[in-house]
Amino acid sequence: MKSSKLLIACLAMMSTVFFAGCTKEQTSESTTSHKSSDGLSLYERAKVARAVRQIEKEEKRKILTQKYSSVNPDLYEVNVFFEDEMIESEDMNLWVQPGFIGILKTRTEDKTDTPKESVILVNDSMKFTATVEYEKKYSDIDYSHDSFCRELVTRSTKHSNINNIVPPSLLKGEQSKICRFSYQDLSTNKFVNEFTEVYSNGTVIYTMTSTSNPKVTGRDILKRAFSRAVSKELKDAVRHSTTDFFDTEKYHSFDI
């Protein structure tokens, strides 16, 4: 905070000197009347404020990048995006919604059991997180068999004290099959929704929502977080996770 105030003062001084030199022989009554008590015009003050906000944003970006890089720092490249910035990646592109922070994690080396790319959208004020991971596969699971769903449920919940909200089920269609389940993690008091979609070409996309607010559904979170998705892969993953496709695509549900 002190550094920001110091920065404002320095920028203000620089701006005053700069504009004084540029307008030394062009001062008029109109420009003088728009000068504030610190000697800067409203335009000059706006430029200083914008510069300060940009520097503060980059400081915050650096802190968050370090935070999300702390886990497996040699495995992922981490980039942080703020609202109205475009996340561009090889497979998943989207604009970050207002109120969200976006984290793109890109795998830097080929390693089993780790996704190729991950997009994480965090909304601190609403206390929820939405994640989509591209090519998240476990080497000990055969995704060509329907039993993959039961194995994923066991893997996700074996370390947690959980309360099932929606029993696990498998949706099967012509283009893909979707494993989905919802539960409350009693150890963290988080409400979690997990969806793993396996496409006929072998591609696996994992979608997850997490919140401490029981009034917010996974469907609501995904619709808010990814409403500005651009890439087809991302749009399809979110649309299938929110079940906004039953009217146009034929899928059958099976209990597991």
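Here is a chat about a predicted model and how its labels follow from its values.

User: What makes C149 and C179 a disulfide?

Analyst: Look at the sulfur atoms of C149 and C179, which are 2.1 Å apart. The cut-off for a disulfide is a pair of cysteine sulfur atoms within 2.5 Å, so the label applies. The structure holds one disulfide, and the pair links distant parts of the chain: C149 belongs to helix α4, residues 148-157, while C179 belongs to strand β8, residues 176-185. They are 30 residues apart.

User: Why is the disulfide of C149 and C179 called right-handed?

Analyst: That comes from the torsion about the S-S bond, which is about 75 degrees, so this disulfide is right-handed. By the way, C149 and C179 are both buried.

User: How do you know whether V192 is buried or exposed?

Analyst: Check the relative accessible area of V192, which is 10%. Buried means under 20%, so V192 gets that label. V192 sits in strand β9. Leaving aside its neighbours within four places in sequence, V192 is in contact with F181, S182, Y183, M208, T209 and S210.

User: What makes V192 and F181 count as in contact? How far apart are their C-alpha atoms?

Analyst: The C-alpha atoms of V192 and F181 are separated by 8.5 Å, and the two residues are 11 apart along the chain. F181 is one of the residues in contact with V192.

User: Is T131 buried or exposed, and how do you know?

Analyst: T131 has 6% relative accessibility, so it counts as buried under the 20% cut-off. You'll find T131 in strand β6. Apart from its neighbours within four places in sequence, T131 is in contact with V119, I120, Y206, T207 and M208.

User: And I87, buried or exposed?

Analyst: Buried, because the relative accessible area of I87 is 0%, and the label needs a value under 20%. I87 is in strand β2, which covers residues 86-87. Setting aside neighbours within four places in sequence, the contacts of I87 include F81, M92, L94, V119 and L121.

User: Why is E135 called partly exposed?

Analyst: E135 has 25% relative accessibility, so it counts as partly exposed. The label covers values between the 20% limit for buried and the 50% limit for exposed. E135 lies in the loop between β6 and α4.

User: What about N189, and which loop is it in?

Analyst: N189 is in the loop between β8 and β9. Its relative accessible area is 41%, so N189 is partly exposed too, by the 20% and 50% limits.

User: What makes the phi of E135 and of N189 worth a look?

Analyst: E135 has a positive phi of about 60 degrees although it is not a glycine. N189 has a positive phi as well, about 55 degrees, and is not a glycine either. Most residues other than glycine have a negative phi.

User: Which residues are closest to the centre of the largest pocket?

Analyst: The largest pocket has a volume of about 640 Å³. Of its 28 lining residues, T131, K136, E194, Y206 and M208 are the closest to its centre. Strand β10 gives the largest share of the lining, five residues. By class, that lining has 13 nonpolar, seven polar and eight charged residues.

User: And how is the lining of the second largest pocket split by class?

Analyst: There the lining has 11 nonpolar, 10 polar and two charged residues. The second largest pocket has a volume of about 330 Å³. Of the 23 residues that line it, the closest to its centre are V166, S182, N193, F195 and G218.

User: What does the whole protein look like in terms of helices, strands and buried residues?

Analyst: The protein has six helices and 11 strands. Buried residues make up 41% of its 256 residues. The protein exposes about 14,900 Å², with carbon and sulfur atoms supplying 53% of that.

Key:
Residues numbered from 1 in each chain as written. Predicted model: local features only at pLDDT ≥ 70, side-chain atom pairs only at ≥ 80, totals over all residues. Heavy atoms only, no water. Helix = DSSP H or I, 4+ residues; strand = E, 2+ residues; numbered from the N terminus. Buried < 20%, exposed > 50% of the residue type's maximum accessible area, 1.4 Å probe, protein only. Areas by Shrake-Rupley, 256 points an atom, 1.4 Å probe, with all protein chains shown as cover. 1 Å grid on protein atoms, 1.4 Å probe; cavity = no way out; pocket = protein on both sides within 12 Å on 5 of 7 lines; lining within 4 Å. Points joined across faces, edges and corners; volume = space filled by probe spheres on them. Nonpolar A, V, L, I, M, F, W, Y, C, P; charged D, E, K, R; others polar. Contact = heavy atoms within 4.5 Å.
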